[in-house]
Amino acid sequence: MARITLNIAAGFNRDESLAIAATDCVNLYPHLPSGQTTTQGSAIGCAGIDEICSTAENAFNRGGIVFGDKPYLVCGSKLWRIDYTTDLAGVRTYTAVDVSGSETIEGTARVSMATNGDQICIVAPDYSNQFNAWIYTVAGGLVQISDLDVNGPVLDVDFVDGYFVFPKANSNVWFISDLRDGLAYNALDFTSAESDPDPLVTLAPLNGLLYAFGQKTFEPYQNTGNTDFPFERISSGIQQKGCLSPESMIEVN
């Protein structure tokens with residue numbers, strides 16, 4: 001096997017003056033063994049991203065989610081699915097498919113997306129309309145939620161225990177969809193975070209609980225199965241810490 005000698009001492013870099021440093025190592029970084037090995041060093045590939053396809057609409061990518069093992073992206077005012085084919089050599093070719101039909105997703109800012117396994121729910125927080133959310137299904141395509149019991153506009157969407165959950169904009173109220181149906185709602189299926197008057201920013205599920213984050217406080221809820229409204233607040237879990245940005249909330253550990 002041919003051996004390639006890496007000039008580790010000279011380093012992997014490039015300077016404006018070739019007399020100072022003429023070595024150019026693209027997308028690689030040197031690895032020096034801590035003990036005696038058969039090689040003096042090696043070059044390891046850097047992690048990164050690569051463009052695989054583009055949409056026909058040259059617009060801002062507003063968010064994405066994996067649904068049915070495929071990526072779905074909101075680009076501009078349309079919802080796109082990323083498909084791929086694999087040739088005999090194992091090389092994949094990716095294609096962006098517009099699955100919006102005649103429907104458009106209003107607004108221009110980042111969207112919030114969640115799935116219950118059968119549907120994707122998309123919320124456009126910057127669209128000031130009672131119905132600023134859409135549902136996508138493979139069979140039915142993309143449709144705007146139009147149930148008059150929707151208490152919108154809403155800021156965000158998440159999924160927990162079979163329900164899509166929404167915080168109402170500029171209030172401490174949050175509500176749920178019908179069980180496993182993001183197109184159906186009941187006007188009585190709502191509650192309010194009342195430990196502090198700060199308005200809600202986002203809802204976040206974690207370890208079987210649902211946390212309602214306001215600007216200054218947050219409080220946890222548990223699904224008790226109550227037929228009137230399935231979620232009840234756990235008063236002992238209220239914390240004097242809040243959230244200013246719904247997109248800053250991530251799950252770790």
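A salt bridge is a side-chain nitrogen of Lys or Arg within 4 Å of a carboxyl oxygen of Asp or Glu. Asp118 and Arg180 meet this rule, with their closest N and O atoms 3.5 Å apart. The pair links distant parts of the chain, 62 residues apart. Asp118 sits in the loop between β7 and β8 (120-123), and Arg180 in the loop between β13 (173-176) and β14. Strands (E, at least two residues) and helices (H or I, at least four) are DSSP runs, numbered from the N terminus.

The model is predicted: local features need pLDDT of at least 70, side-chain atom pairs count only at pLDDT 80 or more, and totals for chains, interfaces and linings use all residues. Residues are numbered from 1 along each chain as its sequence is written, and side-chain values use heavy atoms, with hydrogens and water left out.

Asp118 is partly exposed, at 47%. Arg180 is partly exposed too, at 40%.

Side chains of opposite charge can pair when their charged atoms come close. The count of salt bridges comes to five. One of them joins Arg110 and Glu247, at 3.0 Å from N to O. Arg110 lies in the loop between β6 (92-98) and β7 (112-115), and Glu247 in the segment after β18 (231-233), so this bridge ties together parts that are 137 residues apart in sequence. Arg110 is partly exposed, with a relative accessible area of 48%. Glu247 is partly exposed at 40%.

Glu219 and Arg233 form another bridge, with the closest N and O atoms 3.6 Å apart. Glu219 belongs to strand β17 (residues 218-223) and Arg233 to strand β18, so the pair ties together parts that are 14 residues apart in sequence. Glu219 is buried, at 2% relative accessible area. Arg233 is partly exposed, at 34%. Elsewhere, salt bridges that share partners join Lys70, Arg81 and Asp83 into one network.

Aromatic contacts were examined next. A pair of aromatic rings is described by the distance of the centres and the angle of the planes. Rings of Phe, Tyr and Trp (its six-membered ring) pair if their centres lie within 6.5 Å; planes under 30 degrees apart count as stacked, over 60 as edge-to-face and the rest as tilted. The search of the whole structure finds 17 aromatic pairs. In one of these, the ring centres of Phe67 and Tyr136 lie 6.3 Å apart and the planes stand at 80°, so the pair is edge-to-face. Phe67 lies in strand β3 (residues 61-67) and Tyr136 in strand β9 (residues 133-137), so the pair ties together parts that are 69 residues apart in sequence. Phe67 is buried at 7% relative accessibility, and Tyr136 is buried at 2%.

Tyr163, Trp174, Tyr221, Phe229 and Phe231 form one aromatic cluster. Thr191 is in contact (heavy atoms within 4.5 Å) with Trp174, Tyr221 and Phe229, among others, when its neighbours within four places in sequence are left aside. Its contacts also include Asn172 and Val173. Thr191 is found in strand β14 (residues 190-192). At 19% relative accessibility, Thr191 counts as buried.

A charge was also found over a ring. The rule requires NZ of Lys or CZ of Arg within 6 Å of the ring centre and within 35 degrees of the ring normal. Arg92 lies over the face of Tyr84, at 4.0 Å from the ring centre.

Conventions:
Buried means under 20% relative accessible area, exposed over 50%, partly exposed in between (1.4 Å probe, protein chains only).
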